[in-house]
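Dear colleague,

I am handing over the structure we spoke about, and I would be glad if you could look through it with my notes beside you.

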Amino acid sequence: MKLYVTRHGETAWNKENKVCGRTDLPLTEKGRAQAQETGKKLSGVHFDRVVCSPMLRARETAALICEGREVVIERHRELIEQDYGLCEGADRFDENFLFHKRNFADGYPQGESQMMLAKRVYRFLEELAARCPEETVLAVCHGGVCRVIESYFHPMDNETFFKFAMHNCEVRTYEMPAAEASPAPVKFYGTEICKDCAEALCLFAEKGFTGFSYMDIGLSTGSLKEFLALRDSRPEFRQVREDGGIGIPCFLRSDGSICFEPEELLESQ
């Protein structure tokens, strides 16, 4: 699947440098002109499918880009902008907002975490590619969602994730990657902010155990993507999912089996 991704046109809060997540604003006149110009630039590209966020600014942008095309614009809640909670409406350079933006394993106060956002966006991309693997698709969404889509195709550390931004109506293209074989011998999914993960790393160091690759889901969106796919597809995580938890540390052996206790992993070596 070939994927074209664009951010919506300018809104009043974009112009005022305000954080805009779930506030449902229309496009400004400049925003409408940006969308129309993007439509002209993409006029030579055939889209089999157009998907967009259900928010007004994304719907207006998609409609203007697709003027004159015979294509149905599909609305998908998975593409709605991130919920910034108490940071909604704050200045874009507000220190509290920037702190949470810089640490993608963290969540915005009373809002949505980067992990929650990545979970729904990554899953949407994979389900979309499975349904239409040979299609060319246009996705019209938001700045936060565009950042996560970029991270799906180009894994980022925290600083790169923090700095990445798409301008209004900027367009990027991607190809869904081929499935990768699972590396051996053991993958240890965890994060430095988790006490249990830190204790497991210390235990492995004490025992001289080096037969694992550490996938820190708080430092690489590539690792986060792998872990979310594992967590959401395996029955071993059922109770964790029902409890609304994350399920780390987690140890994935080369034979596909999973364990959650570092002592158990050491005993099996």
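What follows is a short account of the charged side chains.

Please keep in mind that this is a predicted model. Side chains of opposite charge can pair when their charged atoms come close, and the structure holds 18 salt bridges.

One of them joins Asp232 and Arg123, with 2.9 Å from N to O; this pair links distant parts of the chain, since Asp232 sits in helix α9 (residues 221-233) and Arg123 in helix α5 (residues 114-131), 109 residues apart. Asp232 is partly exposed at 23% relative accessible area, and Arg123 is partly exposed at 37%. Both residues also belong to a network of salt bridges that includes Lys119 and Arg231.

Helix α9 also holds Glu226, whose partner Lys187 lies in strand β6 (residues 186-190), 39 residues apart, and the closest N and O atoms of this salt bridge are 2.6 Å apart. Here Glu226 is partly exposed, with a relative accessible area of 29%, whereas Lys187 has 8% and therefore counts as buried, the cut-off being under 20%.

In a further salt bridge, the closest N and O atoms of Glu150 and Arg172 are 3.5 Å apart. Because Glu150 lies in helix α6 (residues 143-153) and Arg172 in strand β5 (residues 171-175), the pair ties together parts that are 22 residues apart in sequence. Glu150 is buried at 8% relative accessibility, while Arg172 is partly exposed at 28%.

Finally, Asp196, Glu261, Glu263 and Glu267 form a negative surface patch. Glu267, found in helix α11 (residues 262-267), is exposed with a relative accessible area of 67%.

Terms used
Residues numbered from 1 in each chain as written. Predicted model: local features only at pLDDT ≥ 70, side-chain atom pairs only at ≥ 80, totals over all residues. Heavy atoms only, no water. Patch = residues over 30% accessible without salt bridge, like charges linked within 9 Å, V, L, I, M, F, W, Y side chains within 5 Å. Areas by Shrake-Rupley, 256 points an atom, 1.4 Å probe, with all protein chains shown as cover. Salt bridge = Lys/Arg side-chain N within 4 Å of Asp/Glu carboxyl O. Lys, Arg positive; Asp, Glu negative; His and termini not counted. Charge placed at Lys NZ, Arg CZ, Asp CG, Glu CD. Helix = DSSP H or I, 4+ residues; strand = E, 2+ residues; numbered from the N terminus. Buried < 20%, exposed > 50% of the residue type's maximum accessible area, 1.4 Å probe, protein only.
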